[in-house]
Amino acid sequence: MLTTAVPDRDLLVDHRGRPRAGVRTGLTHDQALLGTAFHEAGHAVLALIHGMHLVSSEVVAWLSGPGQSTVTGRTNFSAARIEDVHPWRFAAQAAAGSLAQVRYLMDYGLWTPERAAACPGTHDRDQAVDVLAGMGYRLGIGHVPPGGKSWGQVRGMAWRRIDRLWPQIRTVAHAMYETPFLTGDQVAAMTGLTNPPVPGGAA
């Protein structure tokens, strides 16, 4: 599963085309890989329960230097129109990745302030801010904008859902650790959740 090939560029940049920040975690390769699987599982499970068609979820690991590995992931979902997804549910799905990763650290005895800080999900947050802005909703970072919500409020929403859905998230994460690429239908089958139909009725 560990490769020497650098992954596709779209796995290394955010939605704005900026390089994703790399953070040293002090974890072993396997611990970091499972943590990233929990991150993607958080996105995947919340996407399902919020009515988004889950296409796939995956983790990718490669040798990025002598004795050094790097792990990242990607979860793809679709909706006929982003406007059809409740904006705050979309934002909660975005927040769920880093929160599930922190919960993993806590449950597996790996939590430290430094490791928790290495799970900020900044690219997920920035994407939620931009997508919601395009829909006319205001998502504030560090403040509650008039008529909108703060990222902290959204994280609170996501945390409650993660707590309720933790068994499903854990199941998906461990499956992804063993099989790095999962389809949305595979995730739905192993969790007992429904994968909404492909937008537009495509097969």
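This is a predicted model: local features need pLDDT of at least 70, side-chain atom pairs count only at pLDDT 80 or more; totals for chains, interfaces and linings use all residues.
## Rings, charges and a covered helix

K149 lies over the face of W88, at 5.7 Å from the ring centre.

**Charges over rings**

- Besides the placement of K149 over W88, R103 is found over the face of W166, where the distance to the ring centre is 4.4 Å.

**Aromatic pairs**

- When the whole structure is searched, six aromatic pairs are found.
- One of these pairs is made by F38 and W166, whose rings are stacked, with 5.2 Å from centre to centre and 20° between the planes.
- Because F38 belongs to helix α1 while W166 belongs to helix α5 (residues 151–178), this pair ties together parts that lie 128 residues apart in sequence.
- Both partners are covered, since F38 is buried and W166 is buried too, with buried meaning under 20% relative accessible area.
- The rings of F77 and F90 have centres 6.2 Å apart and planes at 70°, and the pair is therefore edge-to-face, as planes over 60 degrees apart are counted in that class.
- This pair links distant parts of the chain, with F77 in strand β2 (residues 68–78) and F90 in helix α2 (residues 87–107), 13 residues apart.
- F77 has a relative accessible area of 26% and is partly exposed, whereas F90, at 5% relative accessibility, counts as buried.
- Ring pairs also join F38, Y104, Y108 and W166 into a cluster.

**Helix α1**

- Helix α1 (residues 29–49) has 21 residues, and at 1.5 Å a residue it should span 30 Å; the C-alpha atoms at its ends are 31 Å apart, which agrees with that expectation.
- The helix is mostly covered, as 17 of its 21 residues are buried, and F38, described above as part of the stacked pair, is a buried residue of this helix.
- Just after α1, the residue G51 takes a positive phi of about 85°.

**Around V71**

- If residues up to four places away in sequence are not counted, V71 touches H29, A32, L33, T36, V60 and A61.

Terms used
Residues are numbered from 1 along each chain as its sequence is written. Side-chain values use heavy atoms; hydrogens and water are left out. Helices (H or I, at least four residues) and strands (E, at least two) are DSSP runs, numbered from the N terminus. The expected span of a helix is 1.5 Å times one less than its number of residues. Buried means under 20% relative accessible area, exposed over 50%, partly exposed in between (1.4 Å probe, protein chains only). Rings of Phe, Tyr and Trp (its six-membered ring) pair if their centres lie within 6.5 Å; planes under 30 degrees apart count as stacked, over 60 as edge-to-face and the rest as tilted. A charge sits over a ring if NZ of Lys or CZ of Arg is within 6 Å of the ring centre and within 35 degrees of the ring normal. Contact means heavy atoms within 4.5 Å.
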